[in-house]
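Hi,

Here is the structure I said I'd pass on.

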Amino acid sequence: MRFSQSLIPTLKETPAEAEVASHRLLLRAGFIRKLTAGIYTYLPLGLAAIRKVETIVREEMNRAGAQEILMPMVQPADLWRETGRYQKYGPELLRFVDRHERESCLGPTHEEVITDLLRREVRSYRDLPQNLYQIQTKFRDEIRPRFGLMRGREFIMKDAYSFDVDDVAAAESYQKMFEAYKRIFTRCGLEFRPVEADSGAIGGSFSHEFMVLADTGEDTLVICSSCDYAANSEKAAVAAPDPDNSPMLDLEKVETPGKRKVPVVCEFMGIKPQELVKTMVFKADEEPVAVLVRGDREVQEVKLKNLLGVADVEMLDDKAVFDATGVPTGYLGPVGITIKLVVDQEVAAMRNFVTGGNEKNYHIKNVNMERDFEAFAVADLRQITDSDPCPSCGAKLGMKEGIEVGHVFKLGTGYSTALKAVFQDSNGKDKPMVMGCYGIGVSRIVAAAIEQNHDENGMIFPMPLAPMQVVLLNLGLKDEHITETAELLYRELQEKGIEVLLDDRDERPGVKFKDADLLGIPLRITVGKSLTKNGVVEIRLRSDGTTEELAPQQVTARILELINAAMNNG
């Protein structure tokens, strides 16, 4: 591949829209170009990196026994209605009507389509298990697409679906995919961690996310310092506290004029935030629900959503709270509350705490749950913190940021039951197929790799994902000896199956060096004045800047050694 004949439109300046390193560098290096919000065109080097990911994914999925298919991106609304997801999925599902007034949607995922296929093709337990996957473009109408390939509306994804006769067999399929995912991300050269996760809109009973560790990650990971426990903060369980068995004191109404916020109330009443319980109101599928958490805690909305079994929850503003309860925000409390009330398990273990008085300018002291109010439910509803003990072993927890690049789900029989995807068992009885679902963000892996591997000069691709393995710089286009040597090395490298980009542009050496660093290609060969003076060319590793000088006839063998070492480490 010759730079002079390729579409590699590098930029000196950072586009104003780019917020994170991967977005900034992919645009500057000429890997992608924006078409519209959250939708990008992949240019030659960007597509080459994508194809590297796809190859690794295909090899490991095939190795695990999965079979590749390709399903339509356009899906009929009636299929989604059968599972109840057409309304529940939310505005991210792009719905449209064709010329025949038939409703359809652009596929954000393919559970309905694959289940419809299997219900038509599978008849007997002898036809199972099945594990089918595809690599395909998805569309999710994100309200705020951002960060380039990290959170776009259109993206490339690998999604796989397993079908088994029972839970035991489904667990085996899940484990096969779990192990395949570990091999995929290891081969990609990424530092990653599988963590327990919430199943979200996909559903199911159990799931793991595969997270690339990076400071710019959108997800917070909870990782134990001692055992193997790791979870997304949305899923991370808080250990239930021991109950306080202190004697209950009499309720006491206290005037707190103008005191609404937790710090202000605590200072006025001479208490700590740990002694106050705040009442927060959320809209859960249009119904107001009050949640009690300790004054220094925050509600974990995913936990609340799962407890209530609703599609979404949203905290109400001050006006909506007053409309639902008749009490101004800051003075709301559980004693005599008129809307559904759920309680965090930590609050249920407390005694004699302070709450809002359900009256403007008043709070109540010595409130106790079992005596003064009843709850619809008690559960782990708060956000975990690094001061909480590990729910598995009790050791200290740590928090890290991560980028989700893969997700595996135990789906069970939810989709197969809804869509009547059944098989006959050995006794001739119809049973629903037990499903699993396994996704990988192919285009997101490229962005995540850059977030994890870059410096102030540009990208630093792991060898397995690099669009090219070598960039070869000709720094003497008008020097016959330099040019002949560069061309000879270019041909030799290509004959050995090495992917090489020859920078044969009529540009200053400084421009070529800067672009080579920006592109992040792992190995750089420089043919310049050192050849005419000392008979050597330079090899440089992009990862750490290490250089060595060799005679031209030694270069190809050395490059092969470096590539093999890098691929084996990946």
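Below is what I found, going region by region. One thing to keep in mind throughout is that this is a predicted model.

Let's start with helix α1, which spans residues 21-28. Of its 8 residues, 7 are buried, so the rest of the structure largely encloses this helix. The buried ones are Ala21, Ser22, His23, Leu25, Leu26, Leu27 and Arg28. As for what covers them, the list includes the strands β1 (32-36), β2 (39-42), β25 (454-455) and β26 (458-459), along with the helices α13 (442-452) and α15 (509-519). Just past the end of α1, Gly30 has a positive phi of about 75°.

Next, the rings. The count of aromatic pairs comes to 9. One of them is Phe31 with Phe461: the ring centres are 5.8 Å apart and the planes meet at 15°, which is under the 30 degrees needed, so the pair is stacked. Phe31 sits in the loop between α1 and β1, while Phe461 sits in the loop between β26 and β27 (470-474), so this pair ties together parts that are 430 residues apart in sequence. Both ends of the pair are buried: Phe31 has a relative accessible area of 0%, and Phe461 comes in at 5%.

Tyr181 and Phe185 give you another geometry. Their ring centres are 6.0 Å apart with the planes at 85°, so this pair counts as edge-to-face. Both residues belong to helix α6 (residues 167-187), where they are 4 residues apart, or about one turn of the helix. Tyr181 and Phe185 are both buried too. They are also part of a cluster, in which ring pairs link Phe178, Tyr181, Phe185, Phe192 and Phe210.

The charged end of Arg505 sits over the ring of Phe3, 3.7 Å from its centre. Likewise, the charged end of Lys410 sits over the ring of Tyr174, with 5.2 Å to the ring centre.

Then there's a sheet. It is open, has 3 strands in the order β13-β19-β18, and pairs in the antiparallel sense. β13 (252-255) and β18 (353-356) are at the edges with a single partner strand each, so one side of each has no neighbour in the sheet. From one strand to the next, the twist averages 30°. The pairing of β18 with β19 (residues 362-367) is antiparallel and runs over 3 bridges, and Thr355 stands opposite Ile364 in β19. Packed on this sheet is helix α7 (residues 262-269), which touches β13, β18 and β19 and whose direction makes about 70° with that of β19.

Ser416 lies in helix α12 (residues 414-418), and its side chain reaches the backbone oxygen of Thr413 at 3.2 Å. Leaving aside residues up to four places away in sequence, Ser416 touches Thr115, Ala421, Pro432, Met433 and Met435.

That's the lot from me.

Cheers

Key: Residues numbered from 1 in each chain as written. Predicted model: local features only at pLDDT ≥ 70, side-chain atom pairs only at ≥ 80, totals over all residues. Heavy atoms only, no water. Buried < 20%, exposed > 50% of the residue type's maximum accessible area, 1.4 Å probe, protein only. Helix = DSSP H or I, 4+ residues; strand = E, 2+ residues; numbered from the N terminus. Contact = heavy atoms within 4.5 Å. Polar contact = N/O pair within 3.5 Å; in protein donor to acceptor, adjacent residues only side chain to side chain. Phe/Tyr/Trp six-rings, centres within 6.5 Å; stacked < 30°, edge-to-face > 60°. Lys NZ or Arg CZ within 6 Å of the ring centre and 35° of its normal. Pairing = 2+ DSSP bridges. Axes fitted to C-alpha atoms, helices over the stretch in contact; angles between N-to-C directions.
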